[in-house]
Each structure stands twice: as structure tokens, then as C-alpha cells.
Amino acid sequence: MKKFLYGIDFGTTNSALAIYDETTKEIHSTIIIPSLIYFFHQPSTARCSNYVVGEDAITAYLNDDMKGRFIKSIKQVLSRNSFTETRIHNKRYNASDLVAIILKELKDRADQLIGQDCGRAVIGRPVFFDDDDVKKDTLAQTRLSKAAEIAGFADVRFQFEPIGAAFAYEKSLQKRENVLVADLGGGTTDFTYLVLDPEKVGSKDRQNDMMANGGIYVGGDSFDSAFMWEKGTPYFGKNTQYEATPGKVLTVPKSLFANICSWEQMNFFNGLRIKKDIEDYYYFSGNDPQFKNLITLIENNLGYSVFQSIEKAKITLTNADTATFGYHKMDINIHEEISLADYEQIIGKDVDRIANYLDGFMLQNGIEPQNIDSLFLTGGTSMVGSIQKLFKKRFPHVSLNSGDNFKSVAKGLAYSGYLFGD
Ligand SMILES: Nc1ncnc2c1ncn2[C@@H]1O[C@H](COP(=O)(O)OP(=O)(O)OP(=O)(O)O)[C@@H](O)[C@H]1O
Ligand SMILES: [Mg+2]
């Protein structure tokens, strides 16, 4: 019987699985799904499951009038010890249970393609799940291991995601090179600096080729959150004033709006106590119509659809100088032209954090720009103009290479079979 190995890139936004055929030593095929889960509003015995995963999650969420539980960016929860579990349809789900749903979906689809149950996988992980905190990092990896076990993987190894990306790039090289790889995803930006050599593809000893790894908890989600904060929240009443006591007028607390800017909060909003506070602010604001939009957003679970509009504007701006941020649902009406200059300013702080991290990474690891032979950028966020500019500015003498922004990591992980040592 043929032997296979899976390379799995469980991403904040997208998850991919590459099937590696150990006989031909080639990738057999690759599957990619958005890392989304939708739990139907009403559980039903007519369905075989109370949730749907991937693309179907978006369709089901929309068909269900957005009333059920929509779970996005679940990877960000892996390192949070404040998150223990959530209750959906009277069943408890911890972080591993939720992640396992995505891993199992990928495994089932892949097993079907190869006609066998493959329990061997190299699973990617960011260099740091969270900002450089060992305890959180260990928690995240333990949870991810558990998720793999629940999903049916018996034999698992972990590999840094940017090393996965590097191995995918290595396949395209003609000669040995010192390569700086940057993987800019939805949740994190990861770097690796290593020697790549096309003659070493699949070889067992790669330890000496790795020169440095690092990463920062900033990615496309951070850009979307910054956008929501600057351009979205004013439409949801960020500047609303209310009468705290007779004659004393205050602005509603900004902290309320942090919740609608972050997926971590948004995923589990239903349980938050602040709903009652929000109703009080609305009343004492004299029924401010913008603030009403916040209530409409929360009560109708519109978060994901608002973020879809934000992402659409971001993607338009990778090829254009202006984009429309438009959202029209229920009583909420947003229509605003956003210039590229505006956008670059909104994400400026996050881009600076990436730039500063990169400078520190180069310095700490003694990497001289002139020693880098090539740059490989991957991940959806690598397409953002400010990011491209950042790398061109730092390394004007090296060309920017890119591959498949969404599948490179999974493919390279599948080339990491050496980790099994057999
Ligand atoms: N054309 C585009 N231009 C700009 N950004 C994009 C584009 N397409 C996708 N993105 C962004 O890329 C991110 C997803 O990229 P990717 O699939 O590489 O992340 P991920 O692997 O799921 O995340 P991570 O590696 O951080 O866990 C999202 O933030 C998405 O909005
Ligand atoms: Mg990724």
C-alpha cells in the first residue's frame, strides 16, 4: 500500500493540507479551507452535524440570517488561558475541540482523496503563538497537539511555519542560497533565515541549515482591527454622548468598541455582560441612532459580514489607490471612500511593529543584509502594499520572490518528513 504524509498549515484565516506521496516523493494534492466554523442557530436531528466548516460555514451563516455562532480566527485563542471553553447547544467546547473540528475536516477530505486513513502529519506552528511568552506558547502547542489527537492523527510532528514556507521555496531554487523567509498571515508574521539547497530537499539533517527563527503577533487581522477602530466604530457610536447623571454628559467608554474590533472578543460576545450596559447607554444617549447600530450589530451577529467589507476594501487597495468601505444591512449604512494613503496611515503602527521586529531580528542574529541572497515572502498579508514597500526598502539589492501565498507553508511542511527520523 502507498505511504502518505500530511503537511498541515492550521492558519488563523485559512488552513491547508498538502498530501505527500512517500513513494514518488512528490505532493499528491493540496486542500485549502477557510478556518471557519458555523454552529447553526437551531440544532436539528435532520442534519448529521450541528455545525459546518470552511466555505460552507459562510453560506450557512448567511442562510441562517446570521443567528447562529460563527467562529473565526480560533487559532488566536490557543494561547489564551483566559479561554477555557464555550457552550454551544448545551455542549461544551474547549479550544482543542474547536481546532479539532477544522483539522478533522481537512483529514477527512484528504483521506477520501487517497482512499486510506493517514495518521501521520507534520503540523505547522508559528514561531511564537503569542508575544514571546513561554507559558502561553506551551499551552498553545499542547492544545494543538490535543486537537490533532482528537482529529484522529496518531503520529504528529511540529515544524515552524516559516520553515515550511522555506522548504516549498527550496524546490524552485537552482543553487544553494542564504534565504530570508517572511510568512505574513492573518494572525502572525514569522521569519526564518536559513540556507536552502535544492540538493538537500527531503534530506534528514537540516538542523545546521537553520540560522534564525522569530515572529511577532501582528498580521492581517491586526490591520482589519485597526481599520474597524478608525473607520468602522464611528458608525457604531464610538463618539456617542449620554447623560450620566442629570446635566453631566459623558462619551460612552471606548472600551466597548474594542470588543467589536477583535475576533477573540467577537467569537464569544454572546456571553458578555456588557449587553445590559449597552442598553443603558443607548437609553441615556436619547436613543442615539449610531449607537443603535452597535446594538443591531451585536444582536444580529453581523460582525463577520462587517469584517468581510473591511477585507474587501483592503484587498482592493493592493491594486488601486482608492476603495469603498461599504456596508448596508438592516439600518446600518456605511459608504466611505478610503484612499491608499489613508489606509497606509491606519495600518502604519502595525507595519512599524513588523519593521521594528525585523530590524531587531537581523541585529540579534547578526544577519547582514548583504549576506542575504534571496527573499521569499508568503502569506496573504504579504500582498499589502506597505509590506512590499517595507521589504523593498530594507533589502533594495535583493528581489522579492513569492509562491503560492496560501499553500506554500502546507507544501513545505509536507516536505518535512525528516522530522519522523525514519
Ligand atoms: N489580496 C490580498 N491582499 C491583502 N491581504 C490579503 C489578500 N488576500 C488575503 N489577505 C489577507 O491575508 C490574511 C490571510 O493570509 P493567510 O491565509 O496566509 O493567513 P493564515 O495562514 O491563515 O494566518 P497565520 O499564518 O497568521 O495563522 C488575511 O488577513 C487576509 O485578509
Ligand atoms: Mg499562515
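Mentor: Ground rules: residues count from 1 along each chain as written, and chains are lettered from A and ligands numbered from 1 in written order. Since the model is predicted, local features need pLDDT of at least 70 and side-chain atom pairs 80 or more, while totals for chains, interfaces and linings use all residues; side-chain values use heavy atoms, without hydrogens and water.

Trainee: Which residues are closest to ligand 1?

Mentor: T12, T13, N14, E311 and K314, out of 23 surrounding residues. To be near, a residue needs a heavy atom within 4 Å.

Trainee: What makes K75 a polar contact of ligand 1?

Mentor: The term asks for a pair of N or O atoms within 3.5 Å. A polar side-chain atom of K75 lies 2.7 Å from a ligand oxygen, so the pair qualifies.

Trainee: Which element gives the largest share of the shell?

Mentor: Helix 10, with 3 residues. Helices here are DSSP runs (H or I, at least four residues), numbered from the N terminus.

Trainee: Why is the F227 and Y343 pair called tilted?

Mentor: Rings of Phe, Tyr and Trp (its six-membered ring) pair with centres within 6.5 Å; planes under 30 degrees apart are stacked, over 60 edge-to-face, the rest tilted. These centres are 6.0 Å apart and the planes at 45 degrees, so tilted it is. The pair links helix 5 to helix 11, 116 residues apart.

Conventions
Polar contact = N/O pair within 3.5 Å; in protein donor to acceptor, adjacent residues only side chain to side chain. Helix = DSSP H or I, 4+ residues; strand = E, 2+ residues; numbered from the N terminus.
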